[in-house]
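Please open the model in a viewer and keep the selection tool at hand.

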Amino acid sequence: MKHLALLLTLCTTLAAQAAGPAPRDRIEHGRYLVNTSGCADCHTPLRMGPRGPEPDDARSFAGHPEGLAMPPVPTLPVGPWLVISSATNTAWAGPWGVSFTANLTPDPETGLGRWSEQDFVQTLRTGRHLGRGRPLLPPMPAAYGQMTDADLMAMFAYLKTLPPLRNRVPAPLPPATR
């Protein structure tokens, strides 16, 4: 009975530690990976600044702006062209349809707020939403799936420290039928 009580205490302690904030060095490693891997290049909308397009820091990692309704996708000319991108760099059209970059902030309704660390790792590892849903679409690089679990968990730990921004990103659109 004493061993069972000790085991129960240990399990409770480990669960509490797992639910607590990530250690600072893990978060800093995640910050480094997110910043050097170019995550903000697509997940932070661009806006027109005095020198041309620049990141909209007020919407860092919030994905495609909720209020930006996209017009029909222009038809590409015949030739080697394959992709069209929005001026915000958050909507992409190609043979797969139209994809919108996700909200990576910890907002519980529209971002990663309700995701578990495992959901995040499996999404990047499998290339499927929540590790089992719809495929992640271009321009999302498959290379993130080659990162170590420790790196992906560090990235998730960092993303969870960002300010939550409510921004519901539209669902992907299927390819146009012609």
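The model is predicted. On this basis the protein has five helices and five strands, and along the sequence their order reads α-α-α-β-β-β-β-β-α-α.

**Whole chain.** Select everything first. Of the 178 residues, 33% count as buried. Among contacts with a separation of 6 or more, 59% join residues 24 or more positions apart.

**Helix 5.** Next, select residues 149-159, which form helix 5. Why may helix 5 be called largely enclosed by the rest of the structure? Eight of its eleven residues are buried, and the helix is therefore largely enclosed. Colour these buried positions: Asp 151, Leu 152, Ala 154, Met 155, Phe 156, Ala 157, Tyr 158 and Leu 159. As a group, the buried residues of helix 5 pack against helix 2, helix 3 (39-43) and helix 4. Two of these neighbours are visited below.

**Helix 2 against helix 5.** Two packed helices are described by the angle between their axes and the distance between the axes. To display the contact, show the side chains of Arg 26, Ile 27, His 29, Gly 30, Arg 31, Leu 33 and Val 34 on the helix 2 side. Their counterparts in helix 5 are Asp 151, Met 153, Ala 154, Met 155, Ala 157, Tyr 158 and Leu 159. Sorted by class, this contact of helix 2 with helix 5 contains nine nonpolar, two polar and three charged residues.

**Helix 4 against helix 5.** How do the axes of helix 4 and helix 5 cross? They come within 9 Å and cross at roughly 125°, which makes helix 4 oblique to helix 5. The crossing of helix 4 and helix 5 is right-handed. From helix 4, the contact is made by Glu 117, Phe 120, Val 121, Leu 124 and Arg 125. From helix 5, Asp 149, Leu 152, Met 153, Met 155, Phe 156 and Leu 159 take part. By class, this contact of helix 4 with helix 5 has eight nonpolar, no polar and three charged residues.

Within helix 4, the buried residues are Asp 119, Phe 120, Val 121, Thr 123 and Leu 124; these pack against helix 5. Step past the end of the helix to Gly 127, which follows helix 4 and has a positive phi, near 75°.

**The ring pair.** Finally, zoom in on the aromatic rings. A pair of aromatic rings is described by the distance of the centres and the angle of the planes. With ring centres required to lie within 6.5 Å, the count comes to one aromatic pair. The pair consists of Phe 120 and Phe 156, with centres 5.2 Å apart and planes at 35°, so it is tilted.

Definitions and conventions: Residues are numbered from 1 along each chain as its sequence is written. This is a predicted model: local features need pLDDT of at least 70, side-chain atom pairs count only at pLDDT 80 or more; totals for chains, interfaces and linings use all residues. Side-chain values use heavy atoms; hydrogens and water are left out. Rings of Phe, Tyr and Trp (its six-membered ring) pair if their centres lie within 6.5 Å; planes under 30 degrees apart count as stacked, over 60 as edge-to-face and the rest as tilted. Helices (H or I, at least four residues) and strands (E, at least two) are DSSP runs, numbered from the N terminus. Buried means under 20% relative accessible area, exposed over 50%, partly exposed in between (1.4 Å probe, protein chains only). Contact means heavy atoms within 4.5 Å. Ala, Val, Leu, Ile, Met, Phe, Trp, Tyr, Cys and Pro count as nonpolar, Asp, Glu, Lys and Arg as charged, and the others, Gly among them, as polar. Axes are lines fitted to C-alpha atoms, for helices over the stretch in contact, and angles run from 0 to 180 degrees between N-to-C directions. Angles under 35 degrees count as roughly parallel, over 145 as roughly antiparallel, 65 to 115 as roughly perpendicular and the rest as oblique. A crossing is left-handed if the near helix is turned anticlockwise from the far one by less than a right angle, and right-handed if clockwise.
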